[in-house]
Amino acid sequence: MKKVKRAAPLNIMQTRRQMLLSCLALASLTGRAGFAAGALIPASQGAARPRGGAHCVMIDPGHGGIDPGAIGHQGAKEKHVVLAIANKVRANLAQYSHIQTRLTREQDEFIPLYRRVELAHEHQADLFVSIHADGFTSPSAAGASVFALSNRGASSAMAGYLSQKENAADDVAGGKYRQQDNYLQQVLFDLVQTDTIKNSLTLGRHLLNHIRPVHQLHSQHTEQAAFAVLKSASIPSVLVETSFITNHQEEQLLETAKFQDQIALAISSGIVDFFAYFDAHERHAGAAPGR
Ligand SMILES: [Zn+2]
C-alpha cells in the first residue's frame, strides 16, 4: 500500500497532557528501525483530530496466507470469512465521505502482527479494528466478543486463551517476527497507552451496542487481554471475535452472506457512532473522551 503523508494541523484545543504524552511517545519511538517517527504525532491525537474533516480507520482481517486461523468442523477457514466481512465493512463505510477505510490485507496473504500495527501508523489511522472468528476447545462456546488491550493480564479465562491463540499467529512463519514486537517494552509508552486503552474501550462499547441486536454476545462488555495486534500506543484498537468458528451453528452462519452482512453492518455502525461521539465530545468539551 502507498504510504500516506499528511501535514499535521495543530489542534488548538490540545491539552498540555496530550502534548506531553505525544512528546513522550515520540521520544520513546526515536531510533525504532523502520518506523516513521513523524507518523506518530498525528496518530497519537487519534480520533480527536479530524484532518480536513476526514477520519481514517484501518480494518484488519485476521490471519491469511500460510496462517488459516481457526478451522471449523466443516472446513470453514477463519482467514476467508474475516476477509469477506472486512470487505463488507469497507463497502458500508464508503457511504460516509468523512471516513476513509484501509485494509491491512486485501487478499489471502500472510502479514505479521507487528506489521499490521505499523500499517495503521503509516496510514495515520485514527482507529484499528481487527476482525476474527476464532475457535475454542469446546464446540459449545458461542457468541461475539470485543477485546481491547490490557497491560495487566486478561480480564477472563477466555480473553487469556484467545489472546494467546491470536498472538501465536506469527509462529506459523517460524516465530521470526516475534522479536520485533517491542511495543510494550518501553515504560513511556504505557503513559500514552493508558489514554489509548480508554478510547479503545469506548469504541468497544459502541461496537457491542450494534452487535447485540443481531447476534448473541459471548461477553457483554469489552474484554481485555495482551493481544499483540492491539499494541499501538496511540491508535485506539479493538479486536472483534465475530463468533466461534468451532461452534457448528456459528460455522454455518459465518459462511452465509446474510450473517456476514449483519455483522459487517454492526461493526461499521459502531465505528460511525464512535466518530460521531468523539466529534461531538470534542466540539462541546474540547478534549478527547476519557481524558
Ligand atoms: Zn483469529
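Predicted model: local features only at pLDDT ≥ 70, side-chain atom pairs only at ≥ 80, totals over all residues.
Two figures for the chain as a whole. There are 291 residues, and 56% of them count as buried. If you take contacts between residues at least 6 apart in sequence, 83% of those contacts join residues at least 24 apart.

Now the sheet. The sheet is open, has 6 strands with mixed pairing, and its order is β2-β1-β3-β6-β4-β5. The edge strands are β2, residues 99-103, and β5, each of which pairs on one side only. From one strand to the next the twist averages 30°. As background, sheet strands pair through backbone hydrogen bonds, in either a parallel or an antiparallel sense. Here, β3 and β6 pair in the parallel sense, over 5 bridges. If you want a residue pair to look at, take isoleucine 131, whose bridge partner in β6 is valine 240.

Helices against the sheet next. Helix α3 lies across β1, β2 and β3, and runs at about 160° to β2. Helix α4 lies across β1 and β3, with an angle of about 165° to β1.

Then helix α5, residues 157-167. Which residues of α5 are buried? They are Met158, Ala159, Gly160, Leu162, Ser163, Glu166 and Asn167. For the spacing, recall that an α-helix has 3.6 residues a turn, so residues three or four places apart point the same way. The cover over the buried residues of α5 includes helices α3 (78-93) and α4 (113-122). The cover also includes four strands: β3 (127-132), β4 (145-149), β5 (223-225) and β6 (237-241).

Distant parts of the chain are linked here: histidine 63 sits in the loop between β1 (55-61) and α3, glutamate 166 sits in helix α5, and 103 residues separate the two.

Are histidine 63 and glutamate 166 buried or exposed? Histidine 63 counts as buried because its relative accessibility is 6%. Glutamate 166 is also buried, with a relative accessible area of 3%.

On the backbone at histidine 63: phi is near 60°, a positive value in a residue other than glycine. Glutamine 124 is another non-glycine residue with a positive phi, near 50°. Glutamine 124 lies in the loop between α4 and β3. With a relative accessible area of 3%, glutamine 124 is buried.

Beyond its neighbours within four places in sequence, threonine 196 is in contact with Ser232, Ala233, Ser234, Ile235 and Pro236. Within that stretch, the backbone oxygen of alanine 233 lies 2.5 Å from a polar atom of the threonine 196 side chain.

Histidine 210 counts as partly exposed, because its relative accessibility is 24%. Leaving out neighbours within four places in sequence, its contacts are Ala266, Ser269, Gly270 and Asp273. Histidine 210 and serine 269 are 59 residues apart along the chain, and their C-alpha atoms are separated by 6.8 Å. With aspartate 273 there is a polar contact between side chains, at 2.7 Å from histidine 210.

Terms used
Residues numbered from 1 in each chain as written. Heavy atoms only, no water. Buried < 20%, exposed > 50% of the residue type's maximum accessible area, 1.4 Å probe, protein only. Contact = heavy atoms within 4.5 Å. Polar contact = N/O pair within 3.5 Å; in protein donor to acceptor, adjacent residues only side chain to side chain. Pairing = 2+ DSSP bridges. Axes fitted to C-alpha atoms, helices over the stretch in contact; angles between N-to-C directions.
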